[in-house]
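I am opening a notebook on a structure I have not looked at before. I will take one element, then its partners, then two single residues.

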Amino acid sequence: MRATTIPAHEVFPELATNRAGAALRGLRYREDLTQAQLSARTGIPQRHISEMENGKRGIGKDNARKLAAVLNADYRLFL
């Protein structure tokens, strides 16, 4: 039996319109953090993190660096 591959954007359609937010949510889950915990560690208000994950707020370079430091990621994923 041959394995079938499915493009990521078919499984996660938000990658097409909100790549940075999807990356933020995925990395937060990987690190087993709630939005509130991530907020406490970064100083970014929890509501802003929610808005970033949902594509309603841009992340920006300063926040990208804060998030990357806590989430063990490259800040450029969020830009």
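**Entry 1: the length of H6.** I started with helix H6, residues 60–71, in what is a predicted model. I wanted to see whether its length fits its residue count. At 1.5 Å a residue, its 12 residues should span 16 Å. I looked up the end C-alpha atoms and found them 16 Å apart, so the two values agree.

**Entry 2: the faces of H6.** Which residues of H6 are buried? I noted Ala64, Leu67, Ala68, Val70 and Leu71. Seen down the helix axis, these buried residues fall within an arc of 165°, so they line one face of H6. Next I checked the face turned away from that buried side. It carries the exposed residues Asp62 and Ala69.

**Entry 3: what the buried side meets.** I asked what the buried residues of H6 pack against. I found three helices there: H3 (19–30), H4 (35–42) and H5 (46–53).

**Entry 4: H4 against H6.** I picked H4 from that list. The axes of H4 and H6 come within 10 Å and cross at roughly 110°. Angles of 65 to 115 degrees count as roughly perpendicular, so I put H4 and H6 down as roughly perpendicular to each other. The crossing is right-handed. I then listed the residues that meet. From H4 they are Leu38, Arg41 and Thr42. From H6 they are Lys66, Leu67, Val70 and Leu71. Leu67, Val70 and Leu71 were already on my list of buried residues in H6.

**Entry 5: arginine 28.** I moved to helix H3, where arginine 28 has its place. Is arginine 28 buried or exposed? Its relative accessibility is 6%. Buried means under 20%, so arginine 28 counts as buried. Leaving out residues up to four places away in sequence, I found that arginine 28 touches Leu33, Thr34, Gln35, Leu38, Glu53 and Leu71.

**Entry 6: past the end of H6.** I followed the chain onward. Asparagine 72 follows H6, and its phi is positive, near 55°. Further on I stopped at leucine 79, in the segment after H6. At 44% relative accessibility, leucine 79 counts as partly exposed.

Entry 7: Where does leucine 79 sit relative to glycine 60? The two are 19 residues apart in sequence, and I read 6.6 Å between their C-alpha atoms. Leucine 79 touches Gly60, along with Arg19, Lys61 and Ala64, again not counting residues up to four places away in sequence. I had already noted Ala64 as buried in H6.

Note on methods
Residues are numbered from 1 along each chain as its sequence is written. This is a predicted model: local features need pLDDT of at least 70, side-chain atom pairs count only at pLDDT 80 or more; totals for chains, interfaces and linings use all residues. Side-chain values use heavy atoms; hydrogens and water are left out. Helices (H or I, at least four residues) and strands (E, at least two) are DSSP runs, numbered from the N terminus. The expected span of a helix is 1.5 Å times one less than its number of residues. Buried means under 20% relative accessible area, exposed over 50%, partly exposed in between (1.4 Å probe, protein chains only). The arc is that of the directions from the helix axis to the C-beta atoms. Contact means heavy atoms within 4.5 Å. Axes are lines fitted to C-alpha atoms, for helices over the stretch in contact, and angles run from 0 to 180 degrees between N-to-C directions. Angles under 35 degrees count as roughly parallel, over 145 as roughly antiparallel, 65 to 115 as roughly perpendicular and the rest as oblique. A crossing is left-handed if the near helix is turned anticlockwise from the far one by less than a right angle, and right-handed if clockwise.
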